[in-house]
Amino acid sequence: MKKSHSQWSSRMGFMLAAAGSAVGLGNIWKFPYMAGEMGGSAFVLTYLLFMFVIGLPILVLEWLIGRRGQKNPIHTMEDVAVSEGRSKLWRWVGIIGVLGSFLILSFYSVIGGWATDYIFLAINGTFNGVNGEATGQIFSSFLGNTNSLLIWHTVFMAANTIIVAMGVGAGLERACKVMMPGLGVLLLILVAYAAIVSGSSFGKAFDFLFTPNWSALNGTAILAALGHAFFSLSLGMGIMMAYGSYLGKDVNLLSTARTVVILDVIVAMLSGMAIFPLVFANGLEAGSGPGLIFVTLPIAFGNMAAGSILGCLFFIFLTFAALTSSISLLEPTVELLEEKTPMGRKTATVVSSVLIWALGIACILSFNEWADVKLFDKGIFDLLDYLTSKIMLPVTGLGTVIFGAWMMNQKVIRKELNLSNFWFGVWTVLTRVVIPVAVVLILICGFLPETR
Ligand code: PHE
């Protein structure tokens, strides 16, 4: 059965949707706490380098392959491989990618649900005058409350379903056109607020993030930066490939990718500049790990002028960012079902969402009632996170770059990217050697004992 394939309505819409996917919990929740734990600027500068040298070329390749295939990631990989005279088995790159996005969404939605709930906690003044012990308790009783986790996970998944069911142009693209500018404005307000209320701590935060202290750079930090560059650009999940499949021939991949990477980096940096001044001004710990924005930051909001309003804005910002990413996580599965089954877009979206939602419930239970259910010494939530970000994501990324650099006709790629001799030389060295080696390293280190 042949169904017509949709397209983005404009380059701008595509760019915002791709940036929406890239900018997410990774920028606001994960990046600042990683920077905090890894000693700040050395990690930040390494991450910046990897974003451009490694992330950008893979992003371009995913789009390029997706645009060539015009289908869901699995059949795109299969078709493009066959047309290049290669084995159909390359479809496995697509299979692992789609599966990865499916699994990630199950727990990403749970955290998106936390962010949504925190909007209300902040506005209700729950954090007024709290100390660390109190916010820690609020967070742990929150994690112990299956019902409320379930409700917020459901609300968050429902929002995803509605947006994705409306389709590529009217759903994904339009949602990002509304939410991304909103996100930018909220972020600027938050940074301005941090600058005003935190006094000299603003400069301290700036130094912490940007003044190089190379002594803090070790192997763990380098690999974490590399892995995060991947996660942050939504690579290795079939997502950018799926987004590329809706892309018209006229869009310049390199310049669009550059803009997306720059936006993604700016949001990460500004999030750091919104968060760390408050953390320092309140004498809190920068290296407090994943609890940084759910436990540490509320203390700051609870003890500052207009904190409940700004806290509320902060969590709205976080929810928007999570939502523009989670819709992209839903897309590959929906595209697959829509193309390969008789289901229409709406049914395909509902079916995918319900399956993902159900898996999300297992994640929720792993925080409380099923806390003892362990496989390889990890609870369900941790296991899914580990499996996807440490194994599936690098494997798919590696497959994509090897396919793009070694299996595809390079002359055609060069023409498509419109590169000069010099830049094509750089591109070739990066995609054929540097990136594969780097990705293999991430993969190997993923198997080493947890260093976090
Ligand atoms: N890039 C998103 C972020 O930074 C996370 C994400 C990963 C989204 C993989 C989609 C796929 O939060």
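Modeller: Helices (H or I, at least four residues) and strands (E, at least two) are DSSP runs, numbered from the N terminus. The model is predicted, so local features need pLDDT of at least 70 and side-chain atom pairs pLDDT 80 or more, whereas totals for chains, interfaces and linings use all residues. Residues are numbered from 1 along each chain as its sequence is written, and side-chain values use heavy atoms, with hydrogens and water left out.

Biologist: In which helix is Glu331 found, and is Glu331 buried or exposed?

Modeller: Glu331 is found in helix α14. Buried means under 20% relative accessible area, exposed over 50% and partly exposed in between, with a 1.4 Å probe and protein chains only. The relative accessible area of Glu331 is 0%, so this residue counts as buried.

Biologist: Which residues does Glu331 contact, leaving aside its neighbours within four places in sequence?

Modeller: Contact means heavy atoms within 4.5 Å. With those sequence neighbours set aside, the partners of Glu331 are Val164, Val168, Leu172, Tyr243, Tyr246 and Arg345.

Biologist: Which residues touch the most other members of the largest nonpolar core?

Modeller: A nonpolar core is a set of buried Ala, Val, Leu, Ile, Met, Phe, Trp, Tyr and Cys residues joined through side-chain atoms within 4.5 Å. The largest such core holds 158 residues, and the members that touch the most others are Phe294 and Phe314.

Biologist: How are the rings of Phe294 and Phe315 arranged?

Modeller: Rings of Phe, Tyr and Trp (its six-membered ring) pair if their centres lie within 6.5 Å; planes under 30 degrees apart count as stacked, over 60 as edge-to-face and the rest as tilted. The whole structure contains 29 aromatic pairs. For Phe294 and Phe315, the centres are 6.2 Å apart and the planes lie at 20 degrees, so the pair is stacked.

Biologist: How many residues apart are Phe294 and Phe315?

Modeller: Both Phe294 and Phe315 are buried. Phe294 belongs to helix α13 (residues 292-302) and Phe315 to helix α14 (residues 307-340), and the pair links distant parts of the chain, 21 residues apart.

Biologist: Which residues do ring pairs link into a cluster with Phe294?

Modeller: Not counting residues up to four places away in sequence, Phe294 touches Trp29, Ile111, Trp114, Ala115, Tyr118, Phe139, Phe315 and Leu318. Besides Phe294, the cluster formed through ring pairs consists of Trp114, Tyr118, Phe127, Phe139, Phe142, Phe301, Phe314, Phe315 and Phe317.

Biologist: What is the relative orientation of α4 and α5?

Modeller: Axes are lines fitted to C-alpha atoms, for helices over the stretch in contact, and angles run from 0 to 180 degrees between N-to-C directions. Angles under 35 degrees count as roughly parallel, over 145 as roughly antiparallel, 65 to 115 as roughly perpendicular and the rest as oblique. The axes of α4 (residues 73-83) and α5 (residues 91-123) come within 7 Å and cross at roughly 170 degrees. The two helices are therefore roughly antiparallel.

Biologist: How do the residues of the contact of α4 with α5 divide?

Modeller: Pro73, Ile74, Met77 and Glu78 in α4 meet Arg91, Val93, Gly94, Ile95 and Val98 in α5. Ala, Val, Leu, Ile, Met, Phe, Trp, Tyr, Cys and Pro count as nonpolar, Asp, Glu, Lys and Arg as charged, and the others, Gly among them, as polar. For the contact of α4 with α5, the division is 6 nonpolar, 1 polar and 2 charged.

Biologist: How far apart in space are Thr256 and Leu59?

Modeller: Thr256 is found in helix α12 (residues 253-281) and counts as buried at 0% relative accessibility. Although Thr256 and Leu59 are 197 residues apart in sequence, their C-alpha to C-alpha distance is 10.0 Å.

Biologist: What is the relative accessible area of Asn418?

Modeller: Asn418 has its place in the loop between α17 (410-417) and α18 (421-447), and its phi is positive, near 60 degrees, in a residue other than glycine. Asn418 is exposed, with a relative accessible area of 66%.
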